[in-house]
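Colleague: I'd like to learn how to read a protein structure. Can you walk me through one, feature by feature?

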Amino acid sequence: MSSLLERSMGMQEKLPDGQLDAIRHLDTCIVADAISALRVRLRNQGYSNGSLRCMFENPVPMMGYAVTGRIRCAEPPMVGQRFVENREWFKYITNLPDPRVVVLQDVDHAPGSGAFWDEVRARIHQRLGCVGAVTNGAVRELAKVRGTGFYLFAGSVTSSGGYAHIIDVGHPVEVGGLVIHPGDLIHGDVHGIVTVPRESLAALPGTARKILEIREQVSGLCASADFTPEKLMTLLANLE
């Protein structure tokens with residue numbers, strides 16, 4: 001277990017809170033566009049696909065460092081029966097930077113046979129410094145979890161937990177077509193989730209502001225009584 005913790009903590013160190021606050025208020029679409037503009041990765045990388053759903057609409061996006069694990073729900077665990085028996089999971093979480101986002105890949109042949117996430121597990125993980133969870137599997141008790149303020153992103157919804165249990169922790173996982181490593185910085189809202197490269201953080205707020213200014217100019221012209229296709233073409237050429 002110690003080698004796992006050392007490896008996970010060594011991947012990503014906690015950033016100054018000010019760097020996170022500078023992009024926390026931005027929606028995920030603007031964050032994704034700014035990352036693309038900075039050309040720190042390919043434009044078709046770093047974001048979830050349409051199979052991942054945001055369960056609750058929140059005024060502020062979710063942000064945190066990924067803690068990862070894999071789960072199964074269709075069949076009982078080989079050893080042990082209860083979630084609370086997994087002390088390795090609790091120890092792993094509390095030794096990584098906060099705020100934390102739990103990312104669990106359901107590796108059953110048909111993900112979503114049961115739900116790991118419910119009200120009780122949401123509350124437990126909140127007390128462990130987690131702000132939300134992401135899974136390609138199922139979630140349940142949505143009305144109760146909504147009341148906790150815990151963010152949920154999932155592939156489906158179901159009524160039963162099935163045999164939900166953790167099979168391993170601290171390794172790269174894939175949810176919504178996106179590979180996530182322990183310590184990755186995650187930004188998420190109703191549009192899905194984006195991983196934020198650390199090398200983009202310094203320039204990202206300013207780049208996002210420029211993109212928003214450009215959009216305001218174009219939207220303003222489109223709403224104006226003076227709009228013409230020629231003026232639009234001129235504006236777009238100038239903005240380029």
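Predicted model: local features only at pLDDT ≥ 70, side-chain atom pairs only at ≥ 80, totals over all residues.

Colleague: Which residues line the largest cavity?

Modeller: Among them are Cys-54, Phe-56, Tyr-151, Phe-153 and Asp-189. Two elements, β7 (151-154) and β12 (185-189), each give two or more residues to the lining. Sorted by class, the lining has seven nonpolar, two polar and one charged residues.

Colleague: Now helices. How do I read a packed pair?

Modeller: Two packed helices are described by the angle between their axes and the distance between the axes. Here, helix α7 (residues 204-223) packs with helix α8 (residues 229-239) at about 170°, and their axes are 10 Å apart. Angles over 145 degrees count as roughly antiparallel, so α7 is roughly antiparallel to α8.

Colleague: Which residues of α7 and α8 make the contact?

Modeller: From α7, Ile-214, Gln-217, Val-218 and Leu-221; from α8, Lys-231, Leu-232, Leu-235, Leu-236 and Leu-239. Those divide into seven nonpolar, one polar and one charged.

Colleague: And sheets? What is the order of the strands in the open sheet of three?

Modeller: The order is β4-β6-β8, with parallel pairing. β4 (115-117) and β8 (156-157) are at the edges with a single partner strand each, so one side of each has no neighbour in the sheet. Two bridges join β4 to β6 (residues 138-139), and Trp-117 stands opposite Val-139 in β6.

Technical notes
Residues numbered from 1 in each chain as written. Heavy atoms only, no water. Axes fitted to C-alpha atoms, helices over the stretch in contact; angles between N-to-C directions. Helix = DSSP H or I, 4+ residues; strand = E, 2+ residues; numbered from the N terminus. Parallel < 35°, antiparallel > 145°, perpendicular 65-115°, else oblique. Contact = heavy atoms within 4.5 Å. Nonpolar A, V, L, I, M, F, W, Y, C, P; charged D, E, K, R; others polar. Pairing = 2+ DSSP bridges. 1 Å grid on protein atoms, 1.4 Å probe; cavity = no way out; pocket = protein on both sides within 12 Å on 5 of 7 lines; lining within 4 Å.
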